[in-house]
Amino acid sequence: MSDQHLHHPADLAPGDEEEVRVGPRLLGYCIGFGLAIILTATSFFIAGTDLVWQPSIPVALVVLAIAQMGVHLVFFIHITTDPDNTNNILALAFGLLIVFLVVGGSLWIMDNLNQNMPPMDQIMQMQR
Amino acid sequence: MTDAAVYIGHEKPSQLLGGRPHEGPASKRIVTGYGFWIFLLSDIVMFSCFFAAHAVLINQTAGGPRGSELFDLRSVAAETAFLLLSSFTCGLAMIAADVRSAKWYQIGMAVTCLLGLGFLALEFREFADLVGRGAGPTRSAFLSSFFTLVGCHGAHVTAGILWLLTMMAQVFAKGFRADIMRRLLCFALFWHALDIIWVAIFSVVYLLGSAA
């Protein structure tokens, strides 16, 4: 490996790994698969159980889902924090920003409307 | 004197700013993969709009059934297992392609295809069951948003399976050429992204919907 290559690693395409040996790559997929199974099983268990405080269940489900998406991104799509992944991370970060704006903004606005507007049948009566 | 003239015989602007020397344009694999990554993120943004619509409409059942009365979580768990396993075998097929093992690549892709078809069969059965019980997409705003969101994901999986079969045929006919490997990179990204969207669907739509 040339000296320049050591100091200036080229960028990586999204989905590509720095690791090229088969053994460690297989291990990576197996770890990701195992973690995903654990998180999925926990989600399904939490959703139907009486063992935990009920209002905590939605929060737990959201946290588990975000954790599992992270596992998929790291172990299956091979997004890392390495400098060769900067562009991929920045594009992902922008995408996530839009996702949170759309979902969070919609919920916020619609919840506000639901609380502050009279029910639909009353609006219809007022328009008469 | 223009700026361009200043640089004649000197370093390029990128080097003056501490950039990497002798760096040409990015390789075709990076350009292709990055472009497809941008497409996938825009696809995820589109899904986020469907998620937002579903979250807003989840109580607008128009006197019809709620999610907790409709969803069969055992079927959803089986769908999840199929898709998760198919993501895993897709990764294994990509490793096989990288070491140029046509046999293991085709086996991995065939297993991925069967798991994807199993997922689609379960989803189709669920949709047919819902429509048969009078809970079709026209029943309420809640069900409209449900069928749009989950059906859109199912349409993506269908397209993914067609793409998968195409890639099996292309590798069979043309071998692991550089352009074929770029398409495989994009296909693997697509398939893994579908699994990520499914994680959001089973958590938010099915599990949260059943709890609510």
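**The nonpolar core and the chain contact**

Author: In this predicted model, the largest nonpolar core has 77 residues, of which B:Phe51, B:Leu189 and B:Ile201 touch the most other members.

Reader: What makes these residues a nonpolar core?

Author: Members must be buried residues of listed types, Phe, Leu and Ile among them, joined through C-beta atoms within 7 Å. A residue is buried if 20 or more other C-beta atoms lie within 10 Å of its own. B:Phe51, B:Leu189 and B:Ile201 are members and therefore meet these conditions.

Reader: Which helices supply at least two residues of this core?

Author: They are α2 (22–48) and α3 (56–75) of chain A, with α3, α5, α6 (102–132), α7 (141–174) and α8 of chain B. The most comes from α8(B), with 22 residues.

Reader: How do you know that B:Leu189 is in contact with chain A?

Author: Contact requires C-beta atoms within 7 Å. Leaving aside neighbours within four places in sequence, B:Leu189 is in contact with A:Pro14, A:Gly15 and A:Ile77, as well as B:Phe36, B:Trp37 and B:Leu40.

Reader: How many residues does each chain bring to the contact?

Author: Chain B brings 41 residues and chain A 40 residues. On the side of chain B, α3 (28–57), α5 (73–98) and α8 (178–211) give two or more residues each, and α3(B) gives the most, with 15 residues.

Reader: How do the residues of that side of chain B divide?

Author: They comprise 30 nonpolar, eight polar and three charged residues.

Notes: Residues are numbered from 1 along each chain as its sequence is written. Chains are lettered from A and ligands numbered from 1 in the order in which they are written. This is a predicted model: local features need pLDDT of at least 70, side-chain atom pairs count only at pLDDT 80 or more; totals for chains, interfaces and linings use all residues. Two residues are in contact if their C-beta atoms, placed from the backbone, lie within 7 Å. Helices (H or I, at least four residues) and strands (E, at least two) are DSSP runs, numbered from the N terminus. Ala, Val, Leu, Ile, Met, Phe, Trp, Tyr, Cys and Pro count as nonpolar, Asp, Glu, Lys and Arg as charged, and the others, Gly among them, as polar. A residue is buried if 20 or more other C-beta atoms lie within 10 Å of its own, exposed if 12 or fewer, and partly exposed in between; C-beta atoms are placed from the backbone.
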